[in-house]
Amino acid sequence: MVTRALDLKILRSLMSLRFQTVSIAVLVACGSGLLIAAWSSYDALQLAKLRAYERLSFGDIFAEVKEAPLSLESRIRSIPGVREVDLRLVESVLIRMPGAPSAQFISLPEPGTPGLDRVHLKSGSLPSPSSVPEILLHEGFALARNLGPGDTLSAIVGGKQWLFRISGVALSPDSVYLIGPGAPLPDDTRYGMAWMSRKELERVTRKGRTFQRVSLKVSPDVSNSMVLEDLDRILKPYGSYGSFLRKDQLSNRLVENEITEQKTLAVLFPAIFLGIATFLIHNTLARLVQLERVPIATLRALGYRSFDIMMHYLKLALSMIAVGVVFGIALGTGMGHLLSRSYQAFFRFPEIRFSPGADAILLGLFASLSAGILGAGSTMRSIRSLTPAEALRPPAPQRFQSGFLDRSFLGPRIPVRIRMVLRNSLSRPLRLTWNILGMSCAWILLIMSWSWNDILENLIDEQFHRLSRETISMSLRAPVKDSSADSWGKLPGVLEHETYRILPVRMRFAQHSKTLALTGVPPLPRLELPAVDGLALSRYFQKAWGLNAGDRVEFESLEDGKKTFSLTVSHFIRDAIGVSARVPKARLHSSLNEESSFNRILLRVTPSSVPDVLERLEASPLGTSIRTKSDILASFARTLGKLIRTSSLVLVVFAITMAIALLLNSIRISFAERQKEIASLRVLGLPFSTAFDLLLSETAIQWVLAAPIGCVAGNLLTRAALKAMHAEEYDFTVVISARTYALSFIILGACFLAGSQWMRTICRSTPLPDAIKTEE
Amino acid sequence: MAVSGPERAPVFKARNLVKTYSWGEVTVHALRGVDLDLYEHEIVVLLGPSGSGKTTLLNILGGLDSASSGEVFYREHNLVTSDEDVLTRFRREHVGFVFQYYNLIASLTALENIRLVTEISSSPMKPEDALDLVGMKALADRFPSQLSGGEQQRVSIARAIAKRPDILLCDEPTGALDYETGRKVLEAIQKIHSELGTLVVIITHNAAIAGMADRVIRIENGRIGEIRIQPERLPLDEIRW
């Protein structure tokens, strides 16, 4: 039995090893905190999604159609397995506000029918009949434009300007992650959604008893593909864009992607942090057991079993972990709240309720305790193999033997002091490797967390400076002849202009299909790169669809006329955000059998003329969306940019904390081990600084060797992390700037200098007679 | 032969030497006013029970520790008022230390351990000669872990005398060794003394070793209890324990 006296020793050891206790606790707190925060946020998102989908009856199968009569409802309802049908009238509108935002106006279910994809009212009330038509505004747009119940807004619907009153603010399960058509990123200031009664929307749009969107609930036991087939067959004559499952619904897909990323985050970073904690626990315990050989032998001599003693040291390790876990739970809860709050800006769920669940806490505890047990494992073996009689004798000198260096012609030429450093470093290769790996973890952490900023900057540079050089872009309501571009190109202040033909298409290859914009690119484009000489598709299709150059891809135009054509893939391009398909403009015209025309114009304008040109463009009845590059950049900075910078900052703070704990601890342990040797050298007459620096060089060698390993591993792990998080929407280039390496070098260098200065003070203040008697 | 007396200038002169250590609320008086002179060419054995202050005295004489009050002169230099640099130079040029647990550098061979000292001394002997003096030349390339306790101690003695020190301070040099090995170590010390004329101070619990000394100084409770002059040293063959 382990007595209480032995347990008392744990408390004393925790106090005497307070530096190690604190540094291990810091690492464990970071690791378990991140794990708890990420896992709980994952849970919170998952739960928010399930609750919202359930409560608001999110559909299982969807379809979009140009225009179909409501009378089709009974046919759709009769498809085997269909339980509920909801048909909505949808109209794209331009809102009269600065920046010319656009929105989708959607009909609400008929009164008395619950319908699918129901709205959740956040404030105000449902629209009621009134002289000014009332709408429910999407929460994201309402917040971004500072609008609320009682406010009005005007919009162009069907070529006519209407005034609408906002009766309430709402959200829906199909618009949790709202992103404009063709937009790479969500931007609540520029794209919104609104709901109004069918009767009013029919009146405003003059579209009559028609629908553009279908949402179905199906029985779980029915084959989805059969329902999709039947639905497509019914809708085909009405300009169907093809039906799809919930997993392909845009908002849902983006939510699912984010949840997957959350899971990656919940595993990757805590694993690194806890891995380092394992390393520190191992080092600390190994050193402690070495120091306590005599007390251990004494306990054995007194009749304690090695098992009791092993348990004692294991308890010590676990106590250090426990201190960390307590802080980790607090830290994780705080961070989780923060993370969940930042998600609320992206994901419009009725509520994201964050609470650190018992499973997240247990997981944090389990992972941390595992790190402790793993770290203590090898030390346990050394306790078991320690024989009391041997331990009570003075420790034998560490074993050394002549190595290749001694036998080489260089051997005799190496000064004795350098030889000592080299032998100490090389004599225990496993330990050297372990120490180097430990120190390189500090590099990995810093590089991984800092690289996010580099990736972001590169993305901005690539996407907004190198590939797109326009100042203003304008999309047109319908294609116009190329010759009409000159009227815009000759506006005062316009330096150059370029026209593009954008065609909404459904692209098909084998069993895959996707709706996207096919861009007809002018020859030798200067304002939007890259130039193409055939069909160029995003690299995503190469990986996800298994496409190769030379394959033929089918396109179905979603514009009036429903033309279909096929093109041969010429090459693949990398799109950092979103996916694209580009083809020479002339080729697109010939595929569509149309005259040379355009529906998107890019202008490069002198900075001082931007307001005037914008004013002229906005006055044009042809334009649907006008955007300046500075708007896009600002919106990017507000959304994804902010998210990346915030996460990067959190990680950098964690990484620096950990790097400091790790490096200072490594330095402390390695000097504690060498203190006697430093003292011996001083007794022989070496000045303190010479003796100290000699031993410092051993740690310096490890630090220097850790640098390239850490840099390479940091680089590789960043790539792996990005790959694990890779979604269709993003294909970032991993760029790690010299600045990141330099900052890591400066921080770790400062840690090293501070640590060695600290040890210098400790060593200097230890009286020589005491130091000479120190146990090695 | 014991050589002492007021007519010769001492190598060390300690006057009213006091050393106290404080640990929290506990104060230990290790030395309580020691007056002592040590002369060239003599072997002095400091005898005394554990905690009597003999190691503290040796550490202060060797410049490893400083006194709380009093004076210690090495020839005309006051060690008590000397700073760390002066004490380092003093150790480097004049003092050789031998410890109970050898304190060899584990990562250096026997020969290299000695070179560590000869490389920083002004007129050292050849490292090989130092090893030869203690009968260890044949094992010059062995690392400490490849040597027995007695062999390690002899290397430690060779390292201590390689600089041709004026004083050799030995703290329990045979404390960790069996009789046979211990005797070999004492032989090495005696040989060095007779060949180099070094002042040797040996700390020991072992009263039998006192036989090899010119003077035996008994230390009790931080003070000099008795100084016994021995006109004739005993040959090592006759010393048994």
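View 1. Nine residue pairs, both members at pLDDT 80 or more, are in polar contact between chain A and chain B. A polar contact here is a pair of N or O atoms within 3.5 Å; within protein, one must be able to donate a hydrogen and the other to accept it, and residues adjacent in sequence count only if both atoms are side-chain atoms. On the chain A side, the elements giving two or more residues are helix 13 (416–427), helix 19 (629–683) and helix 22 (768–772); helices (H or I, at least four residues) and strands (E, at least two) are DSSP runs, numbered from the N terminus. Salt bridges (a side-chain nitrogen of Lys or Arg within 4 Å of a carboxyl oxygen of Asp or Glu) come to three between these chains. One of them joins B:Glu112 to A:Arg419, with N to O at 2.5 Å.

**A note on the model.** This is a predicted model: local features need pLDDT of at least 70, side-chain atom pairs count only at pLDDT 80 or more, and totals for chains, interfaces and linings use all residues. Residues are numbered from 1 along each chain as written, chains are lettered from A in the order written, and side-chain values use heavy atoms, with hydrogens and water left out.

View 2. Contact (heavy atoms within 4.5 Å) links 27 residues of chain A with 29 of chain B. About 2,700 Å² is buried between them, and carbon and sulfur atoms give 61% of that. Buried area is the accessible area (1.4 Å probe) that two parts lose on being put together, summed over both. In chain A, A:Val416, A:Val683 and A:Leu684 lose the most area to chain B, together 24% of what that side buries.

View 3. B:Glu172 counts as buried because its relative accessibility is 9%, and buried means under 20% relative accessible area (1.4 Å probe, protein chains only). Leaving aside neighbours within four places in sequence, B:Glu172 is in contact with B:Lys54, B:Gln100, B:Ile203, B:Thr204 and B:His205.

**View 4. A:Phe349 and its contacts.** Not counting residues up to four places away in sequence, A:Phe349 touches A:Leu45, A:Ala48, A:Lys49, A:Ala52, A:Leu171, A:Val176 and A:Val255.

Technical notes:
Buried means under 20% relative accessible area, exposed over 50%, partly exposed in between (1.4 Å probe, protein chains only).
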